[in-house]
Amino acid sequence: MLTILFDGMAYGMLLFVLACGLAVTLGLMNFVNLAHGAFAMAGGYVTAVLMNRYGVPFLLTLPLAFLVPALAGLVLERTLYKQLYTRSHLDQVLFSIGLVFMAVAAVDYTMGSQQQMIRIPTWLQGRVEILGIQVGLYRSFIIAVCGVLVVTLQFILTRTRFGSRLRAAVDDPRVARGLGINVSVIFAATFAVGSGLAGLGGALGAEILGLDPTFPLKFMIYFLIVVTVGGTTSITGPFLASLLLGIADVAGKYYVPSLGAFVIYTLMIVVLVLRPQGLFARAR
Amino acid sequence: MQSNTADNVRAALGRRGRWGWGEIAFWLMAAATLFFLPERHLILNEVAIIGLFALSLDLILGYAGIVSLGHAAFFGLGAYAAGILARNGIGDPLVGLAVAALAAAILGFVTSFLVLRGSDLTKLMVTLGVALVLGELANQMSWLTGGADGLQGISMGPILGLFEFDIFGTVAYTYSLVVTFVLFVLARRIVVSPYGLSLRSIRDNPLRARAVGIPVNRRLVAIYTLAAAYAGIAGALLAQTTQFVSLDVLAFHRSADVMLVLVIGGVGYLYGGLIGAVFFKVLQDVLSAWTPQYWQFWIGLILVLLVLAGRERLTDRIRALWPRSRRSLVADASQPLPTTKAREV
């Protein structure tokens, strides 16, 4: 029981790291970016390639799994995404689905369609028993990393100058621009960080979630659920939502395996019907 | 004076409803394929079905502005309804269509209330969620749907008791084309009616539409239900003419594909879905012959370029070929305003 709670928490934390970039672009910047999973996949593949082909240790690949998607995100934001901020949601959906299709086919072409294996270091394998709970070492590692990230993100967003500028830019780009805030640079930086975090999540999660070219399509739904259920006005909403979803999903798969992903989807629909703006949205 | 205005309005509506030469030529060409392309009837059958499916999406997206990522829910339900019916001994195609339409319409009616709530994003997620839930259901209820193996053993009776399905797909194609045409005519009647105009006003500005006394929610529920029935019929046609249904009919890529088909052809003038279906199938044929595994890449590229180039500008050209549309181009050119932000809704 507690083991399920623990695994669910690790899963939820992972979902949060994967989805928090989307929480910013979709939630704060109001851009429906279905291609978010492609950045996560990029991070996963960076780690897989570095470890399996070049023998780079797991921990060293993580910063690169952040940097490469972040850079890719930055380039794409500057060249393509930027032009679509003011367009209709339909255009954004079409554009980002197009990107997903391209990413899936391109990775399939270059890397093959088989599942990528990532061998986590031996000191992270196995489980230990603490107070009668079976605790997976790798999962605790994920929880620790994600916990640090959550605190850092929340700190940056609420306590730093950059955070307040970002919030201003999001709330009203015109007024923010009038106050001398360089909105476009802030958006680009945020987008890059969001993509980088997705990549990091992809690298961390490759072992648990599996990594193959259909990754962006398979998990797109989960990211979207996290953000929509969490509400799109803050970072704590998606965080709580991913914990809730992670635990619900793991518990659902454990107790009622025959229902499959049914639990999650139904949960989402119910939440959205009751609270269309998300579970933890503050009234604006 | 009063009756004079009413007459003017009636005359204007009548003008809008008149068939242009371009439209007649389009359908004559479609009918001609029955005789001139006999070896292509199997693929043309699929084109007709996808066209009908896209037409159904156009009703809600192009005319009512509802963005749906889960339209396959209705398509799949229709396909399973017709398939299960046929497997249990009721093989009459038209009865199958009616049952599929009814089943999809009921689901559409029920879920339309979910779609009315929230912003674009919420709509997107709820429609997507409904399709996913149905997909899971179909997967789990394998005693009814055959699960991952698909629904096998569908045997169809002759249409109207007269025409047996043949292996060249000629009867199947004729059947699908006639059904699509009849439903198209009906849809066309609806969108040029005052009701159709009220839908457009809701799409362009829901707030103002409500202010001038249009019962927004009721109108949206009606069109969503109708579009669901259309999609259900398209699914039933697929099940009946291919005599097979698999989980694939409810998959996410179905919803994405139909959106793509509609967008390639252009949103909001009914022919978009049909033209898009022809284009999509030809493209798929050419690309998958060329690069069997990676044709999705090119589809994705086309989507991205289409959006970046401004899909409205491109499709307005096609649209301008129809005289009726050209007259109303000025009105249509004012596209739906950039969607209001979630927090303003």
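What follows is my request and one connected answer. Where in chain B does Q243(B) lie?

Reply: This is a predicted model, in which local features need pLDDT of at least 70, side-chain atom pairs count only at pLDDT 80 or more, and totals for chains, interfaces and linings use all residues. Residues are numbered from 1 along each chain as its sequence is written, chains are lettered from A and ligands numbered from 1 in the order written, and side-chain values use heavy atoms, without hydrogens and water.

Start with the residue you asked about. Q243(B) sits in the loop that links α11 (216-242) to α12 (252-265) of chain B. Helices here are DSSP runs of H or I with at least four residues, strands are runs of E with at least two, and both are numbered from the N terminus. Q243(B) is not a glycine, yet its phi is positive, at about 55°. Most residues other than glycine have a negative phi. Q243(B) is partly exposed, because its relative accessibility is 29%. Buried means under 20% relative accessible area, exposed means over 50%, and partly exposed lies in between (1.4 Å probe, protein chains only).

Now move along to L270(B). This residue belongs to the loop between α12 and α13 (271-290) of chain B. L270(B) is another residue that is not glycine but has a positive phi, near 70°. L270(B) has a relative accessible area of 3%, so it counts as buried.

Chain B has 17 helices and zero strands. It has 345 residues, and 56% of them are buried. Contacts are heavy atoms within 4.5 Å. Of the chain B contacts with a separation of 6 or more, 78% join residues 24 or more positions apart. Areas come from the Shrake-Rupley method with a 1.4 Å probe; for residues, only the protein chains shown count as cover.

Chain A is the last stop. Chain A has 11 helices and two strands. Its order along the sequence is α-α-α-α-β-β-α-α-α-α-α-α-α. Of its 284 residues, 58% are buried. The C-alpha trace of chain A spans about 55 × 45 × 35 Å along its principal axes. The accessible surface of chain A is about 11700 Å², and carbon and sulfur atoms hold 68% of it.
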